[in-house]
Amino acid sequence: MNQEMNITSAKYAVDREGHNSVITATIDGIQMFIPLDPANRHYAEIMRQVEAGTLVILPPDEPETTE
């Protein structure tokens, strides 16, 4: 059962210190929060698709600033 995942979006999310902490992704129509862990099957598939040139991980949103 090695079915390819349908990943339609991927975007980094940051922690309080501003470091990439997870990837928010839509996989098979479900929004998921994927840890940056090569042992995670979703992360591994995201990176495989990035390397193949079929997926781009968007940068995180800029934090809102108040002045």
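Let's start with a pair of isoleucines: Ile7 stands opposite Ile27 in strand E2. Two strands pair if DSSP finds at least two bridges between them.

Before I go on, please keep in mind that this is a predicted model, where local features need pLDDT of at least 70, side-chain atom pairs count only at pLDDT 80 or more, and totals for chains, interfaces and linings use all residues. Residues are numbered from 1 along each chain as its sequence is written, and side-chain values use heavy atoms, with hydrogens and water left out.

Now the sheet. It is open, with three strands in the order E1-E2-E3 and antiparallel pairing. Strand E1 (7–14) and strand E3 (30–35) are the edges; each has a single partner strand, so one side of each has no neighbour in the sheet. On average, neighbouring strands are turned by 25° against each other, direction ignored. For angles, axes are lines fitted to C-alpha atoms, for helices over the stretch in contact, and the values run from 0 to 180 degrees between N-to-C directions.

How many bridges join E1 to E2? Seven, and those strands run antiparallel. Between E2 (residues 20–27) and E3 there are six bridges, again antiparallel, and Thr26 has Gln31 in E3 as its bridge partner. Helix H1 (residues 41–52) packs on this sheet and touches E1, E2 and E3, its direction making about 95° with that of E3.

Let's look at the turns. The hairpin of E1 and E2 has five residues between the strands, and Gly18 there takes a positive phi near 90°. The hairpin of E2 and E3 has two residues between its strands, and Asp28 in the turn has a positive phi of about 55°. Asp28 is a residue other than glycine. Is Asp28 buried, partly exposed or exposed? At 49% relative accessibility, Asp28 counts as partly exposed. The cut-offs are under 20% relative accessible area for buried, over 50% for exposed, and partly exposed in between (1.4 Å probe, protein chains only).

On to the inside. The largest nonpolar core has eleven residues, among them Ile7, Ile23, Ala25, Ile27, Ile34 and Ile46. E1, E2 and H1 each supply at least two residues of this core, and the largest share, three residues, comes from E2. By a nonpolar core I mean a set of buried Ala, Val, Leu, Ile, Met, Phe, Trp, Tyr and Cys residues joined through side-chain atoms within 4.5 Å. Not counting residues up to four places away in sequence, Ile46 touches Ile7, Ile23, Ala25, Ile34, Leu55 and Ile57; contact means heavy atoms within 4.5 Å.

At 13% relative accessibility, Glu45 counts as buried. Its side chain makes a polar contact of 2.8 Å with the side chain of Arg48, and Glu45 also has a side-chain polar contact of 2.8 Å with Gln49. Such a contact is a pair of N or O atoms within 3.5 Å; within protein, one must be able to donate a hydrogen and the other to accept it, and residues adjacent in sequence count only if both atoms are side-chain atoms. Leaving aside neighbours within four places in sequence, Glu45 is in contact with Glu4, Met5 and Ile7.

Definitions and conventions. Helix = DSSP H or I, 4+ residues; strand = E, 2+ residues; numbered from the N terminus.
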